[in-house]
Amino acid sequence: MDWSRLEQFRAFDDDALNMTRAIIALFVQDAPVRSTELAAAMTARDSTALSQAAHALKGAALNIGASALSDASAALEVSCQDARWPFDADAQLANLVGLSDKTLEQLQIWQTSQPTPP
């Protein structure tokens with residue numbers, strides 16, 4: 001995690017970090033949807049759908065500073081170029097799932113570590 005990304009939000013946020021918390025909540029809600037899309041694309045062996053789901057996850061991860069997840073998503077997206085099926089699609093998906101899980105864990109830790117305003 002690049003925690004500086006979340007720190008950048010502080011300049012626009014209130015003392016309760018409501019905007020930052022909302023952005024994190026959106027990612028937490030969106031991550032399972034992206035995982036489902038990735039799994040469906042894998043099952044269908046649809047490289048276009050796999051690329052689109054990886055692209056969406058890349059952007060969402062980048063927005064919250066999950067650089068490892070964003071980079072892995074970008075790598076999967078690139079490996080699907082020209083409607084190619086990645087030779088290591090299973091390994092890439094397993095890596096994305098692991099990174100997504102770790103990101104969600106880290107975000108939970110961050111949320112619980114933030115002081116609640118009076």
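Predicted model: local features only at pLDDT ≥ 70, side-chain atom pairs only at ≥ 80, totals over all residues.
Q: Is Ser73 buried or exposed?
A: Ser73 counts as buried, because its relative accessibility is 0%, and the cut-off for buried is under 20% relative accessible area.

Q: What does Ser73 touch, apart from its neighbours in sequence?
A: Once the neighbours within four places in sequence are left aside, Ser73 is in contact with Ala54, Leu57, Lys58 and Leu96.

Q: Staying with α4, what about Glu77, buried or exposed?
A: Glu77, which is also found in helix α4, has a relative accessibility of 17% and therefore counts as buried.

Q: Which residues does Glu77 touch?
A: Not counting residues up to four places away in sequence, Glu77 touches Ser51, Ala54, His55 and Lys58.

Q: And which residue forms a salt bridge with Glu77?
A: Lys58 forms that salt bridge, and the closest N and O atoms of the pair are 2.8 Å apart. Lys58 lies in helix α3 and Glu77 in helix α4, so this pair ties together parts that are 19 residues apart in sequence.

Q: Is Lys58 buried, exposed or partly exposed?
A: Lys58 has a relative accessible area of 22% and so is partly exposed, whereas Glu77, at 17%, is on the buried side of the cut-off.

Q: How many salt bridges are there?
A: The count comes to four salt bridges, and one of them joins the side chains of Glu7 and Arg10, with an N to O distance of 2.8 Å.

Q: How accessible are Glu7 and Arg10?
A: Glu7 is at 40% relative accessibility and counts as partly exposed, and Arg10, at 35%, counts as partly exposed too.

Q: Which residues are linked in a network of salt bridges?
A: Asp30, Arg34 and Glu37 are linked in such a network. Within it, the side chains of Glu37 and Arg34 meet in a salt bridge at 2.7 Å, N to O, and these two residues both lie in helix α2, three residues apart, which is about one turn of the helix.

Q: Are Arg34 and Glu37 buried or partly exposed?
A: Arg34 is buried, since its relative accessible area is 19%, while Glu37, at 32% relative accessibility, counts as partly exposed.

Q: New topic: how many residues are in the largest nonpolar core?
A: That core has 28 residues, and those with the most contacts inside it are Phe27, Leu38 and Leu69. The elements that give two or more residues to this core are α1 (3-9), α2, α3 (47-64), α4 (67-79) and α5.

Q: What is Leu38 in contact with?
A: With neighbours within four places in sequence left aside, the contacts of Leu38 are Leu50, Ala53, Ala54, Leu57, Leu76, Leu93 and Leu96.

Q: How many cavities of 30 Å³ or more does the structure hold?
A: The structure holds one cavity of 30 Å³ or more, and about 30 Å³ of space lies in the largest cavity.

Q: Which residues line the largest cavity?
A: The lining consists of Ser35, Leu38, Leu57, Leu96, Val97 and Ser100, and these residues divide into four nonpolar, two polar and no charged.

Q: Which helices supply that lining?
A: α2 (18-44) and α5 (89-113) each supply at least two residues of the lining, and the largest share, three residues, comes from α5.

Q: Last one: where does Trp85 lie, and is Trp85 buried, exposed or partly exposed?
A: Trp85 lies in the loop between α4 and α5, and with a relative accessibility of 22% Trp85 counts as partly exposed.

Q: What does Trp85 touch?
A: Residues up to four places away in sequence are not counted here; beyond them, Trp85 touches Ala41, Met42, Arg45, Asp46, Ser47 and Leu50.

Q: And how far is Trp85 from Asn95?
A: The two residues are ten residues apart in sequence and 17 Å apart in space, taken from C-alpha to C-alpha.

Note on methods
Residues numbered from 1 in each chain as written. Heavy atoms only, no water. 1 Å grid on protein atoms, 1.4 Å probe; cavity = no way out; pocket = protein on both sides within 12 Å on 5 of 7 lines; lining within 4 Å. Points joined across faces, edges and corners; volume = space filled by probe spheres on them. Helix = DSSP H or I, 4+ residues; strand = E, 2+ residues; numbered from the N terminus. Nonpolar A, V, L, I, M, F, W, Y, C, P; charged D, E, K, R; others polar. Core = buried A, V, L, I, M, F, W, Y, C linked by side-chain atoms within 4.5 Å. Buried < 20%, exposed > 50% of the residue type's maximum accessible area, 1.4 Å probe, protein only. Contact = heavy atoms within 4.5 Å.
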